[in-house]
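Let's walk through a protein model together, one step at a time. Keep the sequence and the 3D view open as you read.

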Amino acid sequence: MHLAYPAVLAVLLFSTGLYGALARRNAILVLMSVELMLNAVNLNLVAFDVWLRDTLHAGQALTLFTIAIAAAEIGIGLAIVLLVYRNRGTSDIDRLRDLADPPSAGQHPMDDSMAPPTDNAADQARRARRQTA
Amino acid sequence: MSHAVHLAATGHAFLSPTGVEIAFLLVGVATLGAAVVTVTTKQLVHAALWLVVALGGLAVEYLLLTAEFIAWVQVLIYVGSVVVLLLFGLMLTRAPIGRSPDADSGNRPAALAVAVAAAGALVWVVVDAFRTTWIELDKGVQGSTAVSGESLFRHWVLPFEALSVLLLAALVGAIVLSRRHGHDSGRAAGHATRGNGAQSPGAQGPDAQSPGHGKEKR
């Protein structure tokens, strides 16, 4: 088999995951895209290990390590997402703007849905929606 | 350049693919299609289910590359547990069932441009570098369970043990993050108003299920 086939497939999967990580709004969908990127790396590792016929099998051992680290990452990531959802009532990463730069004085202020969630009227309304739901 | 063309012509041409290559190509197209649907669909639960197709297709690709142990680990860990965890997460954050129009954020054109640029550049480089490289798949299985286990426990024991410590740390961290008690005391010390909000009956639903979710992880 040509090495170009798995290499090109890995590149295309990585680009798909890159698009998903940049374009998705839900934090769990971003985690799915990260999984796609990790799998592309795994495919590359396996293909190069089989091509080089490595006696230490470094590629396959590293693939197993990557799978284990990805499992740990998805566990911690989902715990963090659930904690954020519990505290803020949303897992929408566009709304988590506590670390963003405040809009400058001359600029038109952001609309209400993009504003950082504070204890203002909108947040009270969102919390009331959660209680009724 | 002429040397490379000569090698490709005398060796293995792209225009006469072997059976393994055709199978790899077909499964690869299915995998890539499932991945594209995963990152573009508007229905959140469907994205997780298409991710199953993509990861299962990758397991078949590992089998075609004679790395069978990796293939079964992929099926067990990714298809078996990671997707289940993702579905749990979607349920616990009350993801809407059905089409949600705001699944994509506003910077979608920029993301598309970045992804297409990365794919173009990397495909160009990879194809140019490995056009004439040939994997010999006939000379024995590379990743059977015996071979993988022997190399893993002979040459890679120390990283393996370090990895088990990392998994333990991740387990403890996930339990600490999703524990109710410490969360409430820290919250009451900090922001009294939000602490009241977290104890309201509306917030009870996701909280009551999350300790079980933490145990589900391993």
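A few ground rules come first. This is a predicted model, in which local features need pLDDT of at least 70 and side-chain atom pairs count only at pLDDT 80 or more, while totals for chains, interfaces and linings use all residues. Residues are numbered from 1 along each chain as its sequence is written, chains are lettered from A and ligands numbered from 1 in the order in which they are written, and side-chain values use heavy atoms, with hydrogens and water left out.

Let's begin with chain B. Which elements does chain B contain, helices or strands? Chain B has 10 helices and zero strands; here helices (H or I, at least four residues) and strands (E, at least two) are DSSP runs, numbered from the N terminus. Of the 218 residues in chain B, 35% are buried. Buried means under 20% relative accessible area, exposed means over 50%, and partly exposed is in between (1.4 Å probe, protein chains only). Chain B exposes about 11700 Å², and carbon and sulfur atoms supply 70% of that area. Such accessible areas come from the Shrake-Rupley method with a 1.4 Å probe, and for residues only the protein chains shown count as cover. Contact means heavy atoms within 4.5 Å. Among the contacts in chain B with a separation of 6 or more, 72% are between residues 24 or more positions apart.

Now zoom in on one helix, α3 of chain B, which covers residues 44-64. The expected span of a helix is 1.5 Å times one less than its number of residues. The 21 residues of this helix should therefore span 30 Å, and its end C-alpha atoms are 31 Å apart, which agrees. The buried residues of α3(B) include L44(B), L51(B), L58(B) and Y62(B). What do the buried residues of α3(B) pack against? Their partners are α1 (4-23) and α2 (27-52) of chain A, together with α2 (19-40) and α4 (68-92) of chain B. After α3(B) comes T66(B), whose phi is positive, near 60°.

One residue of this helix is V52(B). V52(B) is partly exposed because its relative accessible area is 25%. Leaving aside neighbours within four places in sequence, V52(B) is in contact with V79(B) and V83(B). V52(B) and V83(B) are 31 residues apart along the chain, and their C-alpha atoms are separated by 6.9 Å.

Next, look at where the two chains meet. The size of an interface is often given as the accessible area lost when the parts come together. Chain A and chain B bury about 8200 Å² between them, with 72% of it on carbon and sulfur atoms; this buried area is the accessible area (1.4 Å probe) that two parts lose on being put together, summed over both. In chain A, the residues that lose the most area to chain B are M1(A), Y19(A) and R86(A), together 11% of what that side buries. Counting contacts, 77 residues of chain A touch 103 residues of chain B.

S91(A) gives a local view. It sits in the loop between α3 (58-88) and α4 (121-132) of chain A, and it counts as buried because its relative accessibility is 10%. Beyond neighbours within four places in sequence, the contacts of S91(A) include Y85(A) and T93(B).

Finally, follow the charges. Side chains of opposite charge can pair when their charged atoms come close. A salt bridge is a side-chain nitrogen of Lys or Arg within 4 Å of a carboxyl oxygen of Asp or Glu. The structure holds seven salt bridges over all chains, and one of them crosses the interface of chain A and chain B. In that bridge, R24(A) pairs with D104(B), with the closest N and O atoms 3.2 Å apart.

D104(B) also meets K42(B) in a salt bridge (3.5 Å, N to O). K42(B) lies in the loop between α2 and α3 of chain B and D104(B) in the loop between α4 and α5 (108-130), so the pair ties together parts that are 62 residues apart in sequence. D104(B) counts as buried at 9% relative accessibility, whereas K42(B) is partly exposed at 24%.
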